[in-house]
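Colleague: I am new to this structure, and I would like to learn how to read it. Could you walk me through it, feature by feature?

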Amino acid sequence: MILDACDMAQARTPPEFVAWVGRKCDELSATVEAKAFARSGALLVKKFYDEIFPLARFVAIEYAGRNDVWVQPNLGNDNFDACVTLENGGERQNVFIEVTYAKDGYDLSLRMEVLARDGYVCLTGPVTRSGRKGFTDRRVSVVPFAANHLKALENYFALVEERLRAKTKVQYGKSHILIVAVDDYLVGSEDSDGPQFTAFAAALLPKLLLDFSRVVFVGVAGRLFHSMNRENGAIV
């Protein structure tokens, strides 16, 4: 079994946690069967890719090389997705991590259907579907289309804003950090993307009543990392 709930919820030091996530990524892409499982949308797979993988990107930078820190994913329904315990002069401090992934989950799931069926899929272009999933009349297709980059960025920024606004509806606390997983395959394909994203986030955060000590934008490709004050949008 590639993913096991008890194993996923185990506390690890940052180097151990990042290495474990890397091994699981390798295992999930090692065979045809493993790839099918990775694309299945099963609960543990979704937890791994939507929460634990972005968490590893954050941990790799925030706590690089530290062995006095413990990272423990939370698979329950609490208002945090992981707890980070720091040793500080013999005392322990808990930091709670909430993770949200800025993506269109439904659009991506349809593209994954095409990928599983055909072995390839275009990440841009309109998607059409008919029939119910799992039935013989099911039809999903993607029309290849080169999207305008500026328009794609505009649409993606709107998606990031939507995810952030959703987090204003829940109380968290000053011991909570919000990680926003960002598609930096898209945001970062051109040199101007990084400054545009920073300006967008810095202008947006002060307008939102987010109950977090700070907000960290983490690129899933590992290229983007912005830790920002949620009150004034300043990079911290």
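Colleague: Let me start with one side chain: is Arg 66 buried, partly exposed or exposed?

Modeller: Buried means under 20% relative accessible area, exposed means over 50%, and partly exposed is in between, using a 1.4 Å probe and protein chains only. Arg 66 has a relative accessible area of 30%, so Arg 66 is partly exposed. Before we go on, two notes on the source. This is a predicted model, where local features need pLDDT of at least 70 and side-chain atom pairs count only at pLDDT 80 or more, while totals for chains, interfaces and linings use all residues. Residues are numbered from 1 along each chain as its sequence is written, and side-chain values use heavy atoms, with hydrogens and water left out.

Colleague: Which side chain does Arg 66 meet in a salt bridge?

Modeller: A salt bridge is a side-chain nitrogen of Lys or Arg within 4 Å of a carboxyl oxygen of Asp or Glu. Here the partner of Arg 66 is Asp 68, at 2.9 Å from N to O. Asp 68 is partly exposed, at 28% relative accessibility.

Colleague: How many salt bridges does the structure hold?

Modeller: There are 14 salt bridges. One of them joins Lys 167 and Glu 98, at 2.7 Å from N to O. This pair links distant parts of the chain, 69 residues apart: Lys 167 is in the loop between α6 and β6, and Glu 98 is in strand β3 (residues 91-101). Helices (H or I, at least four residues) and strands (E, at least two) are DSSP runs, numbered from the N terminus. Lys 167 is buried, with a relative accessible area of 13%, and Glu 98 is buried at 8%. There is also a network of salt bridges that links Lys 46, Asp 50 and Lys 103.

Colleague: What about Asp 81: where is its place in the chain?

Modeller: Asp 81 sits in the loop between β1 (69-73) and β2 (82-88). For charges, Lys and Arg count as positive and Asp and Glu as negative, with His and the chain ends not counted. Asp 81 is buried but has no salt bridge, and Lys 47, the nearest side chain of opposite charge, is 4.3 Å away. A polar atom of the Asp 81 side chain does lie 2.8 Å from the backbone nitrogen of Val 99. Contact means heavy atoms within 4.5 Å. Apart from neighbours within four places in sequence, Asp 81 has contacts that include Lys 47, Glu 98 and Val 99.

Colleague: How many aromatic pairs are there?

Modeller: Rings of Phe, Tyr and Trp (its six-membered ring) pair if their centres lie within 6.5 Å; planes under 30 degrees apart count as stacked, over 60 as edge-to-face and the rest as tilted. The count comes to 11 aromatic pairs. In one of them, the rings of Trp 20 and Phe 48 have centres 6.2 Å apart and planes at 70°, so the pair is edge-to-face. Trp 20 lies in helix α2 (residues 14-28) and Phe 48 in helix α4 (residues 43-62), so the pair ties together parts 28 residues apart in sequence. Trp 20 is buried at 3% relative accessibility, and Phe 48 is buried at 0%. Ring pairs also link Phe 17, Trp 20, Phe 48 and Tyr 49 into a cluster.

Colleague: And how many disulfides does the count come to?

Modeller: A disulfide is a pair of cysteine sulfur atoms within 2.5 Å. The count here is zero disulfides. As for individual cysteines, Cys 25 is partly exposed at 21% relative accessibility, whereas Cys 83 is buried at 13%.

Note on methods. Polar contact = N/O pair within 3.5 Å; in protein donor to acceptor, adjacent residues only side chain to side chain.
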